[in-house]
Amino acid sequence: MALAEPISAVLSKGRHLFERERVLGPLLIAPAFLYIVLLVGFPFIFAIYLSMTDATTGNPYASFIGLQNFIEVVQSPVFRRALKNTFVFTISSQVLVIVLAKILALALSKNFRGKGIVLFLILLPWVAPISLATIGWLWIFHARFSIIDWILRAAGLLPPNANMFWLGRPDLAMIAVITVHVWRMLPFSTVILLAGLTSIPRDILDQAEVDGAGFWRRLFQITIPLLLPVISVAILFGTIFTFTDMAVVYVLTRGGPFDTTQVLSSLAFFKGIVGGNLGVGAAISLFLFPVLLFVAVLILRLARRVEVV
Amino acid sequence: MDQVLLPRSLKRFGFQSGHFLVLGAFVVFTALPFAWMLITAFKQNTDLYNPMNNPFWFNEPPTLDQWRYVFTKTMYARWLLNTAFVGVMVVGITLLLAIPAGYSLARFLGRWGEQLGIGIFLVYLIPPTLLFIPMARVVTALGLQNTLWSLVVTYPTITIPFSTWLLMGFFKSIPRDLEEAALVDGYSRLGAFLKIVLPLAVPGIITVVIFSFTLSAQEFVYALTFVTATAQKTVSIGVPSDMVRGDIFDWGPLMGSAFLASVPVAILYYFVLDRFVSGFTAAGAIR
């Protein structure tokens, strides 16, 4: 504070406010801008370069091999499976999340005693570190001590001493991964929908009720249409977070059994970092980019549409 | 038809219990893994590893053995310290860069600033899984592999964009007149910013502090990629990778340490959630 006065006194000598703003503006944003260019922009260009080389962890002097990594990757069955899984996990979990979040947001839009603690418990999956939370699920899906199995046995749906082997069978492992993704993203979408729900003018709904519109009619003809932009926001961000996530699959299944739950990010990790094949790993990661770009464009278009309204 | 004939209070009661049933089901779903962690962390191994035992209750007396193991036989305490160190450093770097950037976007760059603001926000959406391989190379080139500094340097690439965006919104909501009045009163630009604007932006700054800190505690991909030395790990990778000996999972200590690290982060996050969410909804409704 003591320094501030003399420096600015020097700055202000004989200068117009406008001129100083023109200097000050770019000056203030420059550090953040440079940081992002150097540590996001450069690595991104570097990723594209790496993907066209045969670089490995042991061999820093890579040679240029054009699109060979991409061709090789696209032809591998494991990659195709991972690509398909990434979409299956993202789409199925997002559909479930939006439906459940809508119901939950409606339930939370009322005031009741203890709402704070209920909200906290519902938010836990999103706010807790995902790798640690997924360990909790690993224990829930344990081959022998799974509590789901225990409940099924207690209910007589599973013979005594039998187990489901949740993470040992491809179909169940996929259900497990989707469950954890739904669990993780549900709070995020719920809170966004809740924010939208509370911004709907009360008198519109009241008027509709007076005019004789029932609960379902109000829901489908007023609430949901008015919420559409907010629902889109929840879906778009949810899609990005799920599509690019690696922690859930890595902790839960390591992509197994036999690569059947592998996703793009985990496959890139296993090939590029664990296997040391940087070129192939970078190429696999880059397949995330078109979807990211597509969603980013949708977000921008959504923003513009809201602006017009 | 029946519903119409029901007394109003009974209908209300039915509606209310339905409401609580729905909420209750959701709470069980979201909180179950944490409840299960908490119970597991106080159970004896003989109790845990008996598939006949009711997992939701203590079939044998509770014990603190699992916690003793966590704090004496593993580097958990070290990982917590590491996480705190990375978190504090990341918060510092983020504030230092995002406050001026957000202010500049809100005040000085006009229409152009808005475009740039959206652009910077979109950088937040670039996930670590897209960049971790080249980033590993960058980290090695900087000589930071296997150190906490690799995380201190890379996490701000995620926190700065979102924080700049959030602060831009905050600075915009502060009336320009306040600063102009201060300038007329003889304050310098910097003086007006420090004395008038910054105090009003405190809620935004607190949000950024908590967001950056919790993100540092939550991040997994970069930490897993850059740090392999046990003593240099943060909680989010130390627990999943180093508490497992080969194929042997020590479920008691694992659940205890996962629970203990999750809940404080969750509580911190909970307090700024509203403002954090408004960052997203604002992105969908940019003026």
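**View 1. Chain A as a whole.** Of the 309 residues in chain A, 41% are buried (20 or more other C-beta atoms within 10 Å of the residue's own, with C-beta atoms placed from the backbone; 12 or fewer is exposed, and in between is partly exposed). This is a predicted model, in which local features need pLDDT of at least 70 and side-chain atom pairs count only at pLDDT 80 or more, while totals for chains, interfaces and linings use all residues. Residues are numbered from 1 along each chain as its sequence is written, and chains are lettered from A and ligands numbered from 1 in the order in which they are written. Chain A has 14 helices and 0 strands (DSSP runs numbered from the N terminus: helices are H or I, at least four residues, and strands are E, at least two). The C-alpha trace of chain A spans about 90 × 75 × 40 Å along its principal axes.

**View 2. The side of chain A that touches chain B.** In chain A, 85 residues are in contact with 80 residues of chain B (C-beta atoms, placed from the backbone, within 7 Å). Helix α2 (residues 17-51) of chain A gives the largest share of this side, 17 residues. By class, the side of chain A that touches chain B holds 68 nonpolar, 11 polar and 6 charged residues (nonpolar: Ala, Val, Leu, Ile, Met, Phe, Trp, Tyr, Cys and Pro; charged: Asp, Glu, Lys and Arg; polar: the others, Gly among them).

**View 3. Helix α12 of chain A against helix α7 of chain B.** Helix α12 (residues 264-274) of chain A packs on helix α7 (residues 128-141) of chain B at an angle of about 15°, with the axes 9 Å apart (axes are lines fitted to C-alpha atoms over the stretch in contact, and angles run from 0 to 180 degrees between N-to-C directions). α12(A) is therefore roughly parallel to α7(B) (angles under 35 degrees). The contact involves A:Ser265, A:Ala268, A:Gly272 and A:Ile273 of α12(A), and B:Thr129, B:Ile133 and B:Ala136 of α7(B). This contact has 4 nonpolar, 3 polar and no charged residues.

**View 4. A:Val37 in helix α2.** A:Val37 lies in helix α2 of chain A. A:Val37 counts as exposed because it has 11 C-beta neighbours inside 10 Å. The C-alpha atoms of A:Val37 and A:Ile178 are separated by 35 Å, and the two residues are 141 residues apart along the chain.

Notes. Parallel < 35°, antiparallel > 145°, perpendicular 65-115°, else oblique. Contact = placed C-beta atoms within 7 Å.
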